[in-house]
Every structure is written in C-alpha cells, then in structure tokens.
Amino acid sequence: MKIEYLGHSCFALTNAQGVKIITDPYTGVGYELPQDLYADILTVSHGHFDHNYTPAVKGVKRVFDTPVNERVADVAIQGFSTYHDDKQGALRGKNVVFIMEIDGIRVCHLGDLGEPYTKAFAERIGKVDVLLIPVGGRYTIDAARAKVFVENIAPKIVIPMHYRPQDGTIDITDAKAFLQGYADVIYPSKKNQTIINVNDLKDDKTQIIYMERV
C-alpha cells in the first residue's frame, strides 16, 4: 500500500491493484490541493470546508461521509460516528472515524476527532496497523491527547495530520509538540509518501512517520 500525504487531513491510499482512496479533501487552509487529483473512493469525515471539498477529486465512484460497513473494490471500509469536540458534539457536531483494510493492512483515519480517549473508543476501533491522527489542537485533540490515543491503541505505525505547516493559515499548531518525546521519528526520503506492506508490521514497537506536504 502506498500512502501519500496531501496536506491537512487528506491522504491518498493506493492498494496493490491501483485502487485509490482519498480522505478529507480540503480548501481554505492557506495552501491548495495538488491539481488533477483522482480517486476511486472518497471518504469525508464531516462537512466542514477543510474536509469536504469533493469537487477537487475527479473520477470518484463512491463517496462515504456517514457510518458504513462495506467492501468496495477489494477495500473493506468501516465508519462509525464520534464527536468533533469534547462536549459530545455541542460545539462542532459529529465526526466519522473510518477504518479501511487495504492489502491486509488496517488503516484508521480519525478525521477531526475531538473527544477524549476512552477504553470503549479503543474497543470500537480494534486492532490498528496504521493510525492517521490529528495533532494540531483547537478544533481536534491536541498533541498531548493524541499521545494518549497512541499509547493506548498501540498501532504499528502513526502518521500525524491536521497540523499547520509553514505556509498554513488555519489556526492550529504545528506538529513539533507531538513529535517531541518520540526518539525514532521516520522522515520518508520522498517527503510526502511511503510504501507499507504487511512485512513492515511485525515489530511490536510503534513507529512514527512524519510526512511533509510537497
């Protein structure tokens, strides 16, 4: 599976057969999505402008923006409803967490998760190989709360998202606070993409992969 970070909470996930999933396409964050984006499947965690800019993605056959449990083109997709804030949605409504099984790898995209960690939440997610987690705070969990999720869910690989890069304008923090305390952060040689296969997941130690949008 190839994972490309396109900025904010947007990733392109491509399986061995070339089926492409794009998550949370954005606008209005200070930088733009790449041109000529296409995908077979599009997931949208919630209806805010920086997560649901679906016109930017062409060729989409299926859009998932609500809870789901389905298999599409060799990709199993499960989504369940969570809260966008720590007040049971009173401030920002709900958010869909998506879990996708791609090439035998379970990928969890937390969207704009705002609620605190609970054991019940972890049980709903189950075993996670790759966790895509917001770390920028203000509208989502911040770095400290993100680390609680990481420590308790114990995924094989963690990729931070929803942080402010140097050219970003949205009022969230950068990824530095989250990355601090992790001694072995991986910086892919191709700054915004990495290849992951099942054999990479045998080590019990959680790896942090930090991607830069390019």
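**Why is it called that? Questions on a predicted model**

Reader: Why does D36 count as exposed?
Author: The relative accessibility of D36 is 74%. Exposed means over 50%, so D36 counts as exposed. Keep in mind that this is a predicted model.

Reader: Where is D36, and what is its phi?
Author: D36 sits in the loop between strand 3 and strand 4. Its phi is near 60°, a positive value in a residue other than glycine.

Reader: Is D24 buried or exposed, and how do you know?
Author: D24 has 0% relative accessibility. The cut-off for buried is under 20%, so D24 counts as buried. D24 also belongs to the loop between strand 3 (20–23) and strand 4 (37–38). Like D36, D24 is not a glycine, yet it has a positive phi, of about 45°.

Reader: What makes N192 buried?
Author: For N192 the relative accessibility is 9%. Buried means under 20%, so N192 counts as buried. The residue is found in the loop between strand 14 and strand 15.

Reader: Which residues is N192 in contact with, leaving aside its neighbours within four places in sequence?
Author: They are I3, E4, Y5, M211, E212, R213 and V214.

Reader: E212 is on that list. What makes E212 and K191 a salt bridge?
Author: The side chains of E212 and K191 meet at 3.9 Å, N to O. A salt bridge needs a side-chain nitrogen of Lys or Arg within 4 Å of a carboxyl oxygen of Asp or Glu, so this pair qualifies. E212 lies in the segment after strand 16 (207–209) and K191 in the loop between strand 14 (185–186) and strand 15 (193–195), so the pair ties together parts that are 21 residues apart in sequence.

Reader: Which residues are linked with D86 in a network of salt bridges?
Author: D86 is linked with K87 and R145. The side chains of K87 and D86 meet at 3.5 Å, N to O. D86 is partly exposed, with a relative accessible area of 38%. The whole structure holds 10 salt bridges.

Reader: What makes a group of residues a nonpolar core, and how many residues has the largest one?
Author: Its members are buried nonpolar residues joined through side-chain atoms within 4.5 Å. The largest such core has 55 residues, and I3, L110, I125, V130, I133, I159 and F178 have the most contacts inside it. Strand 10 (residues 94–102) gives the most to this core, with 6 residues. Another core, of 16 residues, lies apart from it; L6, C10, V44 and V57 are among its members.

Reader: Which residues does L110 touch, not counting residues up to four places away in sequence?
Author: L110 touches N95, V97, F121, I125, L131, L132, I133, P134 and M161.

Notes:
Residues are numbered from 1 along each chain as its sequence is written. This is a predicted model: local features need pLDDT of at least 70, side-chain atom pairs count only at pLDDT 80 or more; totals for chains, interfaces and linings use all residues. Side-chain values use heavy atoms; hydrogens and water are left out. Buried means under 20% relative accessible area, exposed over 50%, partly exposed in between (1.4 Å probe, protein chains only). Helices (H or I, at least four residues) and strands (E, at least two) are DSSP runs, numbered from the N terminus. Contact means heavy atoms within 4.5 Å.
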